[in-house]
Amino acid sequence: MAITERALWTMIHGMVFGALYLLACSGALIELCLHTAPSTPAPITPAQQRFLNIYLIAMAALAWTAVLTGAYLIYPWYRATPPQGTVDLSMFPQRLLLSNPATSGWHAIGMEWKEHVAWFAPISITMVAFVFIRYGRDLANHKHLRTAVLSFATASFLAAGIAGFFGAMINKYAPVQGGPVIQLGPLPSNGDQK
Amino acid sequence: MSASSRVIPPNTPALPNGSGAAAILSAGIGCFSLAFLAILGDKLLALKAPLTFYKPTGPLSGVSTVAILIWLLTWVIFDARWRRKTIALARVSVVAMVLLILGFLLSFPPIADLF
């Protein structure tokens, strides 16, 4: 079992940072809704507030890590220009997608949207974390502030969802590959091959 | 003043909303700036090279960096002005939400390509 270095980083970017962020987003939305509702039966305790503060900071860190690894590590491999005369485009995902009308939309719409909309997630969740940490349980007394915070948290979830969906589909049709091969298990001997 | 008149009603905000308003409005501005700059970087050839801060990433590096700087700068400015104030938050929220929705729409390639 082996994986290339680029494929491993793409997996870490999508499956660790991105997917974990999406999972965390759904939890954060529920927690924010419950703990900042004006008519909540039991107001948030200091311990719950501390936990949610750390949870939101971790989410912001995850979102920033996801977009930064995406933009500065994976994206350059994705958009690399092949040398003139290259026939096999498997190492150049963007060109591979554009070479076929059936897959070009994954770049023209998918990647073009993903590469920009993904940044909305960290911007929005950083704001949400800041406002929640600053106002805490007092957020329940600021109706418009609470609505805006929940809207931006939802927008962050949506932006990450769009980026995640297109990232997964693009990687399905034109996977980012290359770099040193990392062996994840013992090398099969000739006798093990079927 | 009697003791009863000093009692704070349970749903009275303890903090002014200015700081929150600054954070919300600047986040909306940041998202909109990113989409707007992406269109500029895509349509104006003269901006493509200046926005390429890191060649392997292309104009996206400049678009995202400048948008983040705009977001943080507006946040610092609004926060300094509004921190101790109570702002008409309904209006600020609407503006921030409109900017966010415009950001989503303008970043969508079929809409961005109309310009």
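This is a predicted model: local features need pLDDT of at least 70, side-chain atom pairs count only at pLDDT 80 or more; totals for chains, interfaces and linings use all residues.
Local features require pLDDT of at least 70 and side-chain atom pairs pLDDT 80 or more, whereas totals for chains, interfaces and linings use all residues. Side-chain values use heavy atoms, without hydrogens and water.

In chain A, the axes of helix α5 (residues 120-135) and helix α6 (residues 143-173) come within 8 Å and cross at roughly 150°. The two helices are therefore roughly antiparallel (an angle over 145 degrees). The crossing of α5(A) and α6(A) is left-handed. Residues of α5(A) in contact (heavy atoms within 4.5 Å) with α6(A) include A:Phe120, A:Ile125, A:Val128 and A:Tyr135; on the α6(A) side, A:Leu145, A:Phe152 and A:Ala160 are among the partners. By class, this contact comprises 13 nonpolar, two polar and no charged residues.

Over all chains, the structure holds three salt bridges (a side-chain nitrogen of Lys or Arg within 4 Å of a carboxyl oxygen of Asp or Glu). B:Asp42 and B:Lys43 form one of them, at 3.7 Å from N to O. B:Lys43 also pairs with B:Asp113, the closest N and O atoms being 3.4 Å apart. The latter pair links distant parts of the chain, 70 residues apart: B:Lys43 lies in helix α1 (residues 18-43) of chain B, and B:Asp113 in the segment after α5 (109-112) of chain B.

Definitions and conventions. Residues are numbered from 1 along each chain as its sequence is written. Chains are lettered from A and ligands numbered from 1 in the order in which they are written. Axes are lines fitted to C-alpha atoms, for helices over the stretch in contact, and angles run from 0 to 180 degrees between N-to-C directions. Helices (H or I, at least four residues) and strands (E, at least two) are DSSP runs, numbered from the N terminus. Angles under 35 degrees count as roughly parallel, over 145 as roughly antiparallel, 65 to 115 as roughly perpendicular and the rest as oblique. A crossing is left-handed if the near helix is turned anticlockwise from the far one by less than a right angle, and right-handed if clockwise. Ala, Val, Leu, Ile, Met, Phe, Trp, Tyr, Cys and Pro count as nonpolar, Asp, Glu, Lys and Arg as charged, and the others, Gly among them, as polar.
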